[in-house]
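Open your viewer and get ready to select things as you read.

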Amino acid sequence: MSLRGKAAIVGTALAGCGEAHGKGAMEITIEAVHGALADAGIALGEVDAIATCQPLDMLSGLTLAQELGLSPKFTMNNRMGGSSFLSHTLWAAMLLELRLADTVLICYGSNQRTASGKLMTALGLPTYEAPYRPLFPLSSYALAADRHMTQFGTTREQLADVAVAARAWAQKNPEAFLRDPLTREDVIASRLVSDPLRVRDCCLVTDGGGAIVMRRSEAAKDHPRPPVYLLGGGEGTTHRDISEMADLTETGAVQSGQTAMEMAGVKPADIDVVQLYDAFTINVILFLEDLGFCKKGEGGAFVANGGIAPGGHLPVNTNGGGLSCVHPGMYGIFTLIEAVRQLRGDAGDRQIDSAELALAHGNGGVLSSQVTNILGTDATL
Amino acid sequence: MTGIEKGPGPDAVFAAKLAEGTFEIQKCGGCGTHVFHPRVICPACGGADLGWVAPTGRGTVYARTVVRRKPERGGDYNVVLVDLEEGVRMMSRIDGIEHDRIVTGLKVTASVGEGAEGKPAVVFEPEGGAQ
């Protein structure tokens, strides 16, 4: 039995992206939920399964049920970091296909920018890393970038071009947080934080929330907007701490991508638009390689000189990504929402013509959890 | 040791050894795999027959970063991943060399020094001593 095309996203919404002064994380989340239910034309009372994962509230699934006034049949609070929401969609599809639930709500929200101005996390440093004071999580990604540069000759300029491409997409997105011009030289001149990563290699710190409503595909056309079908999904967990990652140049996205694409019956060349969790510039290079868009070690050349920018050979992170659009701590749900917008034809100036197949990819921990979703329009079923 | 024993777990045993100035890693009596960080069962074979052995202390830098900090806040410091000869990797710090001269492939030697807050930690210096 395959989950291919069995469930669909029938509603989405963003809320509080950028700065949401005076609002709490769960308040932003509920605003997104309200928007997604309206988008789907679904009454709150129809929701019978919920999924969330919040940075500080360890029991956020319970808080969500309480704030919505629901007694869901299933409450999913699985935490794998920013990839969690792309796993929630897979569990949602299973619940729907098994008819254990009929309407699944997946959501997230954070007020980290206005509440603290930096990443808010409940995590401390790992026991065997804490004595050496790595910046969490930045130094872990810096080590991965350093290794990739040493092993494959990936350059400082190539890393910068990831950030430049994200900004070029953000300039086409009126909702993006940073839209002023950014050049390769700007990135390379930005403050060095943990070699080789500089400030402009790092994702934003913003507020923001998002929500998704999923239903069985047989009911998906009963809603106002075009359904977006979940065609495939896969996960890969390789470690928790960077010192336990076997090969810093190869992530669990190899496994998650292969699993998702096999389920969907597609190959990388078929994908029209790609949304990757770009916590740091190196992530995009690693994931493009591991998901099969280019060979291992060639990600730097792939992204260089506008390769993934508007007009390049592959549109990646068309909203501007976590680097320039929005990054409220656990970005995964935003990869899904931008994929849905592209497949619905809602993406305005950044719309990819005839986008039928999208790949959304989440990263959790320090390259630890990788989850891939393949989404498609009605034409791909 | 032939199985899971009563008493402190491997984290506490490692910490106690370190407090006495001794750096030891685990070795699986079942499959011979060296293990770090300390674990209850061998991640290679699943067996619980993990004993303690002294590594040679020789290793090679696998990846490095330098955390950049203003001088008034303590200045820069390096963070590295070192592959020990026994085939295990650990996070650490290289002393006795300028940060910018630490490169992948640098041969290093372990000792028990100080980590954050002055607590004992395994640190390294270039093979042959400070440069």
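This tour visits two interfaces, one after the other.

This is a predicted model, where local features need pLDDT of at least 70, side-chain atom pairs count only at pLDDT 80 or more, and totals for chains, interfaces and linings use all residues. Residues are numbered from 1 along each chain as its sequence is written, chains are lettered from A and ligands numbered from 1 in the order in which they are written, and side-chain values use heavy atoms, with hydrogens and water left out.

**Stop 1: chain A against chain B**

Select the contact (heavy atoms within 4.5 Å): chain A brings 25 residues and chain B brings 30 residues. Together they bury about 2,400 Å², counted as accessible area (1.4 Å probe) lost by two parts on being put together, summed over both.

Next, show A:E244 and B:R39, whose side chains form a salt bridge at 2.8 Å, N to O. The term means a side-chain nitrogen of Lys or Arg within 4 Å of a carboxyl oxygen of Asp or Glu. The rule finds three salt bridges across this interface.

**Stop 2: inside chain B**

Select domain 1 (10-53) and domain 2 (58-126) of chain B, with bounds from an automatic or database domain assignment. Their C-alpha centres lie 22 Å apart. The area buried between these domains is about 770 Å², with 84% given by carbon and sulfur atoms. Finish on B:L18, B:F23 and B:F36, which supply 64% of what domain 1 buries against domain 2. How many salt bridges does the rule find between these domains? The count is zero.
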